[in-house]
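I opened this notebook page to record what I looked up in one protein model. The entries follow the order in which I made them.

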Amino acid sequence: MREQTANSVSVQLIDIVKSFQAGYNANDHVNFSAYPGEIHALIGENGAGKSTLMNILYGMYQADSGKILINGKEAKFRSPADAIKLGVGMVHQHFMLVNTFSVLENIILGDEDTFRFDVIDMKRSKQKVIELKKSFEINVELDDISGGLAVGIQQKIEILKLLYRNAEIMILDEPTAILTPQETEELFKTLAELKNSGKTIILITHKLGEVLAISDRVTVLRRGKVTGILKTNQTSSNELAKMITGRSIESQVIKKSAGGEKIILEVNDLYINNDRGSLAINGISLIIKEGEIFGIAGVEGNGQEELAEAICGLRKISKGTINIAGIDDFKKSIAHIPANRHKYGIVKEFTLEENLILGREKEENFSNGWILNNKKINEFSEVIIEEYDIRPENSKALMEGLSGGNQQKAVAAREMTKNSDLVVISHPTRGLDILASEFVHRTILEESKKGKAILLISSDLSELLKLSDKIAVMYNGRITGELDPKSTNENEIGEYMTGLKSNKR
Ligand SMILES: Nc1ncnc2c1ncn2[C@@H]1O[C@H](COP(=O)(O)OP(=O)(O)OP(=O)(O)O)[C@@H](O)[C@H]1O
Ligand SMILES: [Mg+2]
């Protein structure tokens with residue numbers, strides 16, 4: 001951090017109040033500041049108000065009261081366009097690229113500029129992007145079409161977009177939640193470059209290791225209020241965890257021993273084409289027995305999602321078989337926590353309780369086959385909301401108003417409480433805070449103890465090591481390694497993930 005004087009402060013949020021529902025302030029008299037040349041971590045539980053606060057700084061939302069000062073001067077933002085003009089940019093939890101555009105087009109064209117395409121000097125613009133790429137060591141191919149690019153690359157495009165608009169204050173909302181360890185490392189290098197060039201970086205994250213590794217200062221929010229502002233080198237993950245949750249964190253979950261003998265899922269010599277017609281799955285076989293947690297590690301995009309979707313009947317297979325015990329019995333459907341929750345997991349225009357029974361409407365608990373039993377549905381959701389600590393505690397709240405982490409909890413709750421023999425889970429704790437992650441881990445273990453077979457896809461290796469009975473590593477559409485969690489480690493798994501090692505044909 002550079003020398004900090006009152007006039008070098010780049011961002012000051014003073015006494016910000018924002019409420020979406022009467023009686024609860026999502027931001028409750030929040031003060032926040034950040035300096036040029038600083039990486040400032042903003043942390044707190046799901047629903048604590050982090051995204052709301054940053055959306056106010058970015059002009060997406062207007063505060064009910066309070067002030068924004070940029071470089072010491074009061075600013076009034078009516079929209080993100082106003083914020084961008086004063087050098088404030090934000091990369092959201094969910095990216096907003098135009099799929100059909102090339103990378104270069106996405107960087108150069110802001111939504112509001114689209115109609116001025118023909119008057120933009122493409123050559124000069126491209127030169128500027130090339131220089132930005134170079135000075136911040138951001139590697140992307142400018143001519144690629146954006147749709148279908150790996151999330152790590154899409155994120156780089158979003159960052160270049162901000163730099164192209166001369167952002168000096170850059171907000172990143174959970175940028176690493178969807179990245180692999182390697183992509184995270186690259187992102188952090190870029191952030192360090194940006195910091196050294198004097199930019200103000202505000203980083204929202206749930207990963208305390210990252211906070212300690214990369215930030216200069218930390219602001220902690222809990223239920224809309226600031227509970228701490230700390231220098232990173234003077235704190236610890238324990239202290240931060242306490243400030244986030246208001247109490248000390250319980251110990252780790254203990255792994256149970258493996259399950260029974262009955263085979264629940266058998267995949268045999270499976271081949272699947274991806275959306276572009278090339279092989280996504282290239283001859284995979286695996287067996288999962290009752291009570292077993294079968295972990296799949298891998299860099300995202302190596303076939304994991306295609307495998308999950310095929311097992312859940314969402315994707316056509318080219319060759320091979322998938323057998324699921326008892327699947328002809330309609331009650332024993334498959335539970336699925338998808339990676340792309342916005343596509344398959346939730347309907348954001350529906351209420352929380354509607355989302356909690358989505359796909360389960362026919363269950364006898366919720367309907368008599370003709371009409372929904374609203375009382376039962378409401379009772380069920382009240383219990384689930386309490387048990388999974390979903391906030392707000394209001395079953396009629398619209399899903400789109402829930403924070404990212406709380407939407408995730410709702411999908412997990414619906415699927416984990418489903419009466420199924422097989423649960424297919426992708427990245428169950430992505431975007432969840434520490435307590436919620438612990439809770440989901442405990443739930444996965446409990447459900448497996450009841451005899452459910454669980455396919456657990458995750459890029460969080462510590463999560464896989466903690467929960468799995470077996471770990472398979474996928475690389476290039478194949479299983480290249482089968483490892484015993486008791487006798488392997490993150491490093492070794494990493495070598496299989498990047499194709500350096502293989503213990504299969
Ligand atoms: N557009 C909205 N409409 C209604 N309520 C909202 C809206 N946006 C946020 N909220 C509410 O404001 C509170 C804070 O949400 P916010 O998204 O800021 O949390 P967060 O700290 O970013 O959480 P997460 O870690 O889960 O992303 C929550 O109670 C949320 O339900
Ligand atoms: Mg958020």
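**Conventions.** I worked from a predicted model, in which local features need pLDDT of at least 70 and side-chain atom pairs count only at pLDDT 80 or more, while totals for chains, interfaces and linings use all residues. Residues are numbered from 1 along each chain as its sequence is written, chains are lettered from A and ligands numbered from 1 in the order in which they are written, and side-chain values use heavy atoms, with hydrogens and water left out.

**Domains.** I looked up the domain assignment, which gives domain 1 (6–245), domain 2 (252–333 + 420–505) and domain 3 (347–419). Such bounds come from an automatic or database assignment.

**Interface of domain 2 and domain 3.** Taken over C-alpha atoms, the centres of domain 2 and domain 3 are 26 Å apart. Domain 2 brings 18 residues to the contact and domain 3 brings nine residues, contact meaning heavy atoms within 4.5 Å. I noted a buried area of about 1100 Å² between domain 2 and domain 3, with 60% of it from carbon and sulfur atoms. Buried area is the accessible area (1.4 Å probe) that two parts lose on being put together, summed over both.

I then found four residue pairs in polar contact between domain 2 and domain 3, both residues at pLDDT 80 or more. A polar contact is a pair of N or O atoms within 3.5 Å; within protein, one must be able to donate a hydrogen and the other to accept it, and residues adjacent in sequence count only if both atoms are side-chain atoms. On the side of domain 2 that touches domain 3, strand 16 (422–426) and helix 14 (434–449) each supply at least two residues. Helix 14 gives the largest share of that side, five residues. Helices (H or I, at least four residues) and strands (E, at least two) are DSSP runs, numbered from the N terminus.

**Backbone.** I recorded a cis peptide bond between Arg-391 and Pro-392, with omega about 0°. Pro-392 sits in the loop between helix 12 (374–387) and helix 13 (404–416). Asp-15, not a glycine, has a positive phi of about 55°, and its place is in strand 1 (residues 11–21).

**Salt bridges.** How many salt bridges does the structure hold? I noted 25, each being a side-chain nitrogen of Lys or Arg within 4 Å of a carboxyl oxygen of Asp or Glu. Across the interface of domain 2 and domain 3 there are zero.
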